[in-house]
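Q: I have a structure open and want to get my bearings. Can we go through it together?

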Amino acid sequence: MIEKNRWLMALSAVGVHICIGSVYAWSVYVKPIQEHMSWTLTDVTIAFSIAIFFLGLSAALMGKFVEKNGPRVSAILAASLFGLGTAGSGLAIMMESKMLLYFFYGVLGGCGLGIGYISPVSTLVKWFPDKRGMATGLAIMGFGFASAIWGPTIKILIEAVGISSTFFILGAVYFVVMFSSALYLQAPQDGYLPEKFKKKIKEGKKKIKEDLQNLGLNEAVKTPRFYGLWLMLFINVTCGIAIIGVASPLLQEVIGISAIAAAAAVGLMGIFNGAGRIFWASLSDYLTRPVVYIIFFLTQAIAFYILPSISEIVVFQVLLFFIMSCYGGGFASIPAYIGDIFGTKELGAIHGYILTAWAAAGLVGPLIISMVKDSTGSYSQTLYVFAGFFIVALIISILMLINIKTIQKKKAK
């Protein structure tokens, strides 16, 4: 068997993620669909909410399928579901059917999202035993940056060919790119190590970092570390997603900038979200995953606490961009953290279960920020609530580190 190039493997993973990440560009469809169909904002937004819900659900339920059938079969299934879901949305618009839109974009597209999200990640962890964080960061960075590519593309296509045809064209494009990427995906042989890494080990320059434990999904969910990771991701995403949802009015209220300037800042936030995924995940290879998460939560607790008192526009935006980088970095570092403490035996399945924190946070984050805003009349007060959340996450991340160190000491005896 010819050994595949692991960097092309990473590129294939990016190919899958950059397509499914187009879900973050859904807002570009909203007004054109509303105007074309005379539907309410809620009618259109429900399709996106269903897609995110099924992303979390399918990631959790199909994790075992991904591990059993391998990344190629799983990613081909994801390509079929996401491509059909997108193209089918065009049919739903033609037939002016909300239920069809919810089924195609929400259910089918959402399932394609979930399976496509986890399919390449566990494979990359196995191909990059020496650079786990960087490898998963690369793929998940593709998901974060996708809206910057597909947002303008969708707008141009809608103006040129209409909404239905846009869905048909993009459904075909997504399928071709994802299917082509899927064909290259393959898990390495057991015990795979890159040649350069092997050489450094022989020369005594590097050591093989042993995973804390090698557990299956059923064993992992019985450990406190599983719930620690779940809560850490939940808090990081809850606070991040809430800020994304109200960034524009928050900037206008707290530092008094114009709507146009706020929109430009929101666009930059997306870039920092994507860049943070590769930066923090790569840094975690050197500082270790537990230390990086402690940095995330300590710095964000401080950032959220001081944000309401900052009137300097540049300083406020820098802190906001930093928060966004941590939001993206939290997503990208989780798969490598899972590999470190549970091994790679059923990494895809465990990752899928932990991603349910994302689905839960998507509901809770915007709800908290709207409830606090309604009761206090200010976005500023919500920032103090999230600072408190991050203190809880900081305590959990420190307890995780203590738990890991205790197991390592037991193993060393």
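What follows is a short chat about this predicted model.

Q: What percentage of the residues is buried?
A: Buried residues account for 54% of the 413 in the chain. The accessible surface is about 17,500 Å², and 67% of that belongs to carbon and sulfur atoms.

Q: What about contacts between residues at least 6 apart in sequence: what share joins residues at least 24 apart?
A: That share is 83%.

Q: On to the inside. How many residues are in the largest nonpolar core?
A: The largest nonpolar core holds 134 residues, and W26, I33 and L229 have the most contacts inside it. Helix α13, residues 313-342, supplies the largest share of this core, with 15 residues.

Q: Which residues does L229 touch, if I skip those up to four places away in sequence?
A: L229 touches I334, Y337, I338, I341, F342, I354 and M400.

Q: I354 is one of those touched by L229. Is I354 in α14 buried or exposed?
A: I354 is buried, and so are L347, G348, A349, I350, H351 and G352 in α14. Helix α14 covers residues 347-354 and is mostly covered, with 7 of its 8 residues buried.

Q: Back to α13. Where is G329?
A: G329 sits in helix α13. Its relative accessible area is 0%, so G329 counts as buried. Beyond its neighbours within four places in sequence, G329 is in contact with G276, R277, W280, Y293 and F296.

Q: How many residues lie between G329 and P32 in sequence terms, and what is the C-alpha distance?
A: G329 and P32 are 297 residues apart in sequence, and their C-alpha atoms are 33 Å apart in space.

Q: What about Q317, buried or exposed?
A: Q317 has 16% relative accessibility, and the cut-off for buried is under 20%, so Q317 counts as buried. Q317 is placed in helix α13 too. Leaving out neighbours within four places in sequence, Q317 is in contact with L251, I257 and A265.

Q: Now G137. Which helix is that in?
A: G137 is in helix α6, residues 132-161. G137 is buried, at a relative accessible area of 0%. Apart from neighbours within four places in sequence, G137 contacts R277, I278, A281 and A332. R277 is also among the contacts of G329.

Q: Is S38 buried or exposed?
A: The cut-off for exposed is over 50%, and S38 has 67% relative accessibility, so S38 counts as exposed.

Q: And T288, what is its phi?
A: Phi of T288 is near 85°, a positive value in a residue other than glycine. T288 is in the loop between α11 (259-287) and α12 (289-306). At 30% relative accessibility, T288 counts as partly exposed.

Q: Last one, charges. How far apart are the mean positions of the positive and negative ones?
A: The mean positions of the 31 positive and 19 negative charges are 10 Å apart.

Technical notes. Residues numbered from 1 in each chain as written. Predicted model: local features only at pLDDT ≥ 70, side-chain atom pairs only at ≥ 80, totals over all residues. Heavy atoms only, no water. Core = buried A, V, L, I, M, F, W, Y, C linked by side-chain atoms within 4.5 Å. Buried < 20%, exposed > 50% of the residue type's maximum accessible area, 1.4 Å probe, protein only. Helix = DSSP H or I, 4+ residues; strand = E, 2+ residues; numbered from the N terminus. Contact = heavy atoms within 4.5 Å. Areas by Shrake-Rupley, 256 points an atom, 1.4 Å probe, with all protein chains shown as cover. Lys, Arg positive; Asp, Glu negative; His and termini not counted. Charge placed at Lys NZ, Arg CZ, Asp CG, Glu CD.
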